[in-house]
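Hi everyone, thanks for letting me take a few minutes today. I'd like us to look at one protein together, a few spots at a time.

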Amino acid sequence: EKMFLDLSLAIQAARSHVHMEYYIFQPDETGRRIRDLLIAKAREGVQCRLLLDFVGCWRLFDRFIRPMREVGVEVVFFMPWLPWRGRYRVNFRNHRKIVVIDGRIGFTGSQNIGDEYTGRWRGMEWRDTHIRVSGPAVHQLQEVFIEDWYFACRRDIGGNLAEYFPPPESSGDQLVQVVPSGPDREVNVLHHLLLGAMGAARRSLSVATPYFVPDAAMILSLQTAAHRGVQVRLLIPSRSDHPVVLWAGRSYYNDLCRAGIEVYEYSEAMLHSKMIVIDDVCAVVGSANFDERSLRLNFELSMVLYEPDLAGQLYVDFEDLRAKARRIRVKKHFTAAETLKRGLARLVSPLL
């Protein structure tokens, strides 16, 4: 809820433009609140652009979008799946979450727009990790948005450098790196980044993810880190909005536990955070899950945080969640239902 308050206040204070990019934008109370803020700012003459993923926002109908377009809010959908127009690329989705306001304030992380992200999902709290950014890193978020806007509708909006890339008012004391990844890149940046992070760990490696469907290289890297003495801990939710993905992840538990990896399931909330903390001095936070879809098919955005203070805060957050979670042990016997669920989920895991 605090993130939505900060976001709402930042939008209300906008003077030049509001650029927003989301995978999911729900037509519920939270979505209407943000929509109405954009309508109000557009009436004041502020440029407002909203880039949405076509599949992630399948619930958005014209009656929700029309009031924005009527006052000048530009709404564009990313790679719409329109078979009658020969567009079948349903697999490549834009999973990024980006907000840039006046080229000076940015937001990014794992949180979409919807009631569930404010803690209203089947009576459970929804836990995310989102970051507010100022300083030079905002320009990098702006670059990603402008590139994605052009990719989606073939319109270049990046010509007004003074407006979209104003001199930063100040530079903070945190060193961060914005890392976009996706099928449009020649190099699988995200996969390399995560493998490098796991290989760099010397003392501890803490991973929180809502969807855990790794490839063989990721499993081997986690096991290798544990074998060389690194404390490797994996935290995932015990309840999920995608149950098949949850059971696919559970099919890896025994192999991980036998290598000395500590696996925990968190039940007090829907854990939607996506973060890796390395030795509590460096961290990776963003939109990417620990699964094949994020690693190879989705357009994702990650932030590497190089300062121990910020990484240390994330480490403390991870520890607070882990302390409330249930540790998974090696299980020798499974019921027929468990065996079937794990087997089928593992079988279809490359498609998830």
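Predicted model: local features only at pLDDT ≥ 70, side-chain atom pairs only at ≥ 80, totals over all residues.

Let's begin with Ser-16. Where does Ser-16 sit in the chain? You'll find Ser-16 in the loop that runs between α1 (2-12) and β1 (17-22). Is Ser-16 buried or exposed? Ser-16 has a relative accessible area of 18%, and buried means under 20%, so Ser-16 counts as buried. Its side chain makes a polar contact with the side chain of His-17, at 2.9 Å. If we set aside neighbours within four places in sequence, Ser-16 is in contact with Val-46, Gln-47, Asp-102 and Glu-163.

Now the cysteines. A disulfide is a covalent bond between the sulfur atoms of two cysteines. How many disulfides does this structure hold? The count is 0. Take Cys-57: the closest cysteine sulfur belongs to Cys-153, and because it is 15 Å away, that is too far for a bond. Cys-57 is also buried, with a relative accessible area of 3%. Cys-282 counts as buried too, at 19% relative accessibility.

Last stop, helix α4. This helix covers residues 137-153, which makes 17 residues. From first C-alpha to last, α4 reaches 25 Å, close to the 24 Å expected at 1.5 Å a residue. Its buried residues include Val-138, Leu-141, Phe-145, Ile-146 and Trp-149, and His-139 and Asp-148 are among them as well. Following α4 comes Arg-154, and the phi of Arg-154 is positive, near 60 degrees.

That's my tour, and I'm happy to take questions.

How values were computed:
Residues numbered from 1 in each chain as written. Heavy atoms only, no water. Helix = DSSP H or I, 4+ residues; strand = E, 2+ residues; numbered from the N terminus. Buried < 20%, exposed > 50% of the residue type's maximum accessible area, 1.4 Å probe, protein only. Polar contact = N/O pair within 3.5 Å; in protein donor to acceptor, adjacent residues only side chain to side chain. Contact = heavy atoms within 4.5 Å. Disulfide = S-S within 2.5 Å. Expected span 1.5 Å × (residues − 1).
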